[in-house]
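Please read it alongside the sequence and the coordinates.

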Amino acid sequence: MATAGEIAVIVKTTNSNFWQNVNKGAEAAIADQSEHTFSFDGPATESAVADQVNLVENAINRGVSGIVLAPSDPEALAPAVKRAFESGIPVVIIDSGLTDSAKDSYQAFLSTDNCAAGEEVAKRMIAEAGSEGKVAVMSYVAGVGSEIGRVGCFSDYLTANSDLEIVGPYYSQSQMAMALNQTTDILASNPDLVGIFGANEPTAVGMGRAIMQAGKAGQLVALGFDGNEDLQQFVRDGLMQATAVQGSFAMGQMGVNAIIDILAGEKVEPFINTGVVLVDQANIDSDEAKNVLY
């Protein structure tokens, strides 16, 4: 196996700040050593799955040393990843998983541990809201993998570590307008709420707008998930105490480092948690926050 050479980082699309933050992380990992170079590529849109398959095939054909891949489709990318493995090219998967049948063809999976992320938000809720009163949970789609971990572990942690009573969860179907309407109703029917959690971007944005329209900004602890401009503004304005943002920079950095370790003959863990950054007024202008916000 070649020790030095190109590490191909292939993401779902290059046209998004989230993936550009992954690119920044990959650059940081490469800057820390001199042996390897890296390339960064992805299709124009996340739905251009065939283009992503071609990028993986091209990387195999030009004999790269390793591949860091964020698969846009768990089934469609599996054959290409198997081909890389059979060609002796180590692969690590980031962000979202491949189909189970492909699990022996890559060395590590790096992603947000949504359960750990939910617990982080729950700890923050207790720290900000105290341990008594009602907390509403604004979720997105029932039973989706990320939701089970993120919302389930948030709720379990609150139940186990406080006397906070959970109202909900309510499901917005990841529709901002639905989250806004649901939050408006909940604020009206539960004037004594001490906290509220919006568990993904459209849900948290709708929740924040409802709090603003109800004139309740600063009257209850509002925590979000994800980091677009709307959510950043809510944090700056004090409407939202914090928002948990997935560690996109860490995905790029730790993904490239995992390939470098594999090429050096070191063992890597099969699952690596890339974590979340809790962005609040105190750290929103720090490098740590800037590297994950979009």
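Two strands are treated as paired if DSSP finds at least two bridges between them; helices (H or I, at least four residues) and strands (E, at least two) are DSSP runs, numbered from the N terminus. This is a predicted model, in which local features need pLDDT of at least 70 and side-chain atom pairs count only at pLDDT 80 or more, while totals for chains, interfaces and linings use all residues. Residues are numbered from 1 along each chain as its sequence is written, and side-chain values use heavy atoms, with hydrogens and water left out.

1. Six strands form an open sheet with parallel pairing, in the order 2-1-3-4-5-11. Strand 2 (37-41) and strand 11 (271-273) each have a single partner strand and stand at the edges, so one side of each is left without a neighbour in the sheet. On average, neighbouring strands of this sheet are turned by 20° against each other, direction ignored. Axes here are lines fitted to C-alpha atoms, for helices over the stretch in contact, and angles run from 0 to 180 degrees between N-to-C directions.

2. **Pairing of strands 3 and 4.** Strand 3 (residues 66-69) and strand 4 (residues 91-94) run parallel and are joined by three bridges. Ile67 has Val91 of strand 4 as its bridge partner.

3. **Helices on this sheet.** Contact means heavy atoms within 4.5 Å. Helix 1 (residues 17-31) packs on the sheet and touches strand 1 (6-10), strand 2 and strand 4, its direction making about 175° with that of strand 2. Helix 9 (residues 248-263) runs at about 165° to strand 4 and lies across strand 1, strand 3, strand 4, strand 5 (108-111) and strand 11.

4. Buried means under 20% relative accessible area, exposed over 50%, and partly exposed in between (1.4 Å probe, protein chains only). Ala78, Ala80, Val81 and Ala84 are buried in helix 3 (residues 78-86). Viewed down the helix axis, the buried residues of helix 3 fall within an arc of 165°, so they line one face; the arc is that of the directions from the helix axis to the C-beta atoms. Pro79 and Glu86, on the other side of helix 3, are exposed. The cover over the buried residues includes helix 2 (49-61), strand 3 and strand 4. Gly88, with a positive phi near 80°, follows helix 3.

5. Ala80 counts as buried because its relative accessibility is 1%. Its C-alpha atom is separated by 6.3 Å from that of Glu57, although Ala80 and Glu57 are 23 residues apart along the chain.

6. **Strand 9 and its partners.** Five of the five residues of strand 9 (residues 221-225) are buried. Val221, Leu223 and Phe225 point one way from the strand, and Ala222 and Gly224 the other way. Strand 9 pairs with strand 8 (residues 193-198) in the parallel sense over three bridges, and Gly195 stands opposite Val221. Right-handed here means that, with the strands pointing away from the viewer, the path from the first strand over the helix to the second runs clockwise. Strand 9 also runs parallel to strand 10 (residues 242-246), joined to it by three bridges, with Ala242 as the bridge partner of Leu223. Strand 9, helix 8 (residues 229-237) and strand 10 make a right-handed β-α-β unit.

7. **Nonpolar cores.** A nonpolar core is a set of buried Ala, Val, Leu, Ile, Met, Phe, Trp, Tyr and Cys residues joined through side-chain atoms within 4.5 Å. The largest one has 26 residues, and those with the most contacts inside it include Ala136, Leu193, Ile196 and Met240. Strand 6 (132-139), helix 6 (176-189), strand 8, helix 7, helix 8 and strand 12 (276-280) each give two or more residues to this core, the largest share being the four residues from helix 7. Another core, of 25 residues, lies apart from it, and Phe18, Ala29, Ile94 and Ile260 are among its members.

8. **Asn114.** Asn114 lies in helix 4 (residues 114-129). At 15% relative accessibility, Asn114 counts as buried. Leaving aside neighbours within four places in sequence, Asn114 is in contact with Ser146, Gly149, Arg150 and Phe225.
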